[in-house]
Amino acid sequence: MRIAVIGAGMIGGAVAKALAGKGHEVIATRRNVEKAKWLGEYGVKVIRNNLEAAEWAEVVFLAVKPNKVAKVLGEIREALNGKILVSLAAGVPIKTLKELAPGAKVVRAMPNIAILVGEAFTGYSTTDLEPGEREKVESLLRTFGECLLVDEEHMDAITGLSGSGPAYVSVFVESMIYGGLRVGLPREVAKIAALQTLLGTAKLLMNYEGHPAEIRDMVTTPGGTTIDGIFELEEGKIRTAIMKAIDAATKKSRILSTRTLP
Ligand SMILES: NC(=O)c1ccc[n+]([C@@H]2O[C@H](COP(=O)([O-])OP(=O)(O)OC[C@H]3O[C@@H](n4cnc5c(N)ncnc54)[C@H](OP(=O)(O)O)[C@@H]3O)[C@@H](O)[C@H]2O)c1
């Protein structure tokens with residue numbers, strides 16, 4: 001497929017790389033093209049002209065910051081007629097996207113930065129696509145990792161949970177590493193021990209149909225070491241802190257969703 005990625009920054013660059021890696025023809029744009037030159041290594045052509053990229057493409061991914069969405073769609077709206085537009089912008093509703101690009105078939109999607117390793121979670125929502133087109137979009141989103149169609153009312157919560165999630169998980173891993181340093185582990189040992197524990201537990205939970213609490217219970221021996229650790233986590237209100245983080249990020253996405261774009 002011929003795909004344009006408008007806004008080849010952090011997420012747009014990862015999207016362009018992932019799609020090119022699966023054999024799609026990709027043109028990516030940004031104003032400072034020098035900063036996206038690295039994509040050339042993966043067969044992505046980088047240009048400055050958004051309209052040229054959108055006219056050439058069959059599917060257009062929009063990865064500029066939310067406050068640039070209106071301006072960029074103003075430039076390319078004519079070229080989007082009859083084409084699929086996948087917006088990755090946080091908090092920009094389908095209704096707004098349709099007002100800005102009335103001829104486009106609009107998809108609102110929220111991936112995360114794990115696109116870079118093909119392990120993102122992408123929630124997406126759409127009201128426009130025929131079944132065949134939905135399959136086409138899913139096959140593109142799967143190049144990033146797992147994806148799931150959700151009602152648009154859940155997109156802000158997806159943003160707060162998995163869109164921002166890599167930041168929360170990084171804080172957790174960083175804390176584990178610091179805990180390891182505190183009890184005398186060499187830095188590299190603490191890092192690999194923390195990361196492999198995260199990866200292994202994620203795989204375990206993915207393959208387990210029950211609740212994560214059951215896995216926790218399995219490894220918590222009466223009078224053993226783990227229960228002392230768990231006791232401290234509970235006292236530190238870790239669950240409340242994580243729930244509040246997701247709640248706050250979701251609320252912020254909702255605020256972005258209701259504001260008027262410039
Ligand atoms: N960061 C995340 O984890 C994440 C996760 C999911 C979704 N998102 C969404 O992805 C979007 C991008 O986020 P980001 O973190 O990747 O931001 P970013 O790194 O700042 O990328 C945005 C890019 O847009 C380019 N740009 C700005 N104006 C442009 C224009 N007129 N034409 C073409 N390109 C233009 C910028 O490059 P120039 O200045 O060189 O033009 C910049 O590289 C946001 O809407 C965000 O909500 C982000």
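Good morning. Please keep in mind throughout that the structure before you is a predicted model.

I begin with the ligand. The ligand is surrounded by 27 residues. Among these, G7, G9, R31, N32 and A90 are the closest. Which helix gives the most to this shell? That is helix α1, spanning residues 10–21, which supplies 3 residues. Sorted by class, the shell comprises 14 nonpolar residues, 8 polar residues and 5 charged ones.

I turn now to helix packing. Two packed helices are described by two quantities, the angle between their axes and the distance between those axes.

The pair to consider now is helix α7, residues 165–182, with helix α8, residues 187–206. Their axes lie 8 Å apart, and the packing angle is about 140°. Angles over 145 degrees would count as roughly antiparallel, and 65 to 115 as roughly perpendicular; α7 and α8 are therefore oblique to each other. The crossing of α7 and α8 is right-handed. On the α7 side, the contact involves V173, M176, I177, G180 and L181. These meet R187, A190, K191, A193, A194, L195 and L198 in α8. By class, the contact of α7 with α8 contains 9 nonpolar residues, 1 polar residue and 2 charged residues.

An α-helix has 3.6 residues a turn, so residues three or four places apart point the same way.

The other pair is helix α6, residues 155–163, and helix α11, residues 238–258. How do their axes lie, and at what angle do they cross? The axes come within 7 Å and cross at roughly 135°. For that reason, α6 and α11 are also described as oblique to each other. Their crossing is right-handed. From α6, the contact is made by D156, A157, T159, G160 and L161. From α11, the partners are I246, A249, T250, S253, R254 and S257. This contact of α6 with α11 has 4 nonpolar, 5 polar and 2 charged residues.

Finally, let us stay with α6. Are its residues mostly buried or exposed? The helix is mostly covered, with 9 of its 9 residues buried. The buried residues are M155, D156, A157, I158, T159, G160, L161, S162 and G163. What covers them includes strands β6 (105–110) and β7 (120–126), together with helices α7 and α11.

Thank you for your attention.

Definitions and conventions
Residues are numbered from 1 along each chain as its sequence is written. This is a predicted model: local features need pLDDT of at least 70, side-chain atom pairs count only at pLDDT 80 or more; totals for chains, interfaces and linings use all residues. A residue is near a molecule or strand if its C-beta atom, placed from the backbone, lies within 6 Å of it. Helices (H or I, at least four residues) and strands (E, at least two) are DSSP runs, numbered from the N terminus. Ala, Val, Leu, Ile, Met, Phe, Trp, Tyr, Cys and Pro count as nonpolar, Asp, Glu, Lys and Arg as charged, and the others, Gly among them, as polar. Axes are lines fitted to C-alpha atoms, for helices over the stretch in contact, and angles run from 0 to 180 degrees between N-to-C directions. Angles under 35 degrees count as roughly parallel, over 145 as roughly antiparallel, 65 to 115 as roughly perpendicular and the rest as oblique. A crossing is left-handed if the near helix is turned anticlockwise from the far one by less than a right angle, and right-handed if clockwise. Two residues are in contact if their C-beta atoms, placed from the backbone, lie within 7 Å. A residue is buried if 20 or more other C-beta atoms lie within 10 Å of its own, exposed if 12 or fewer, and partly exposed in between; C-beta atoms are placed from the backbone.
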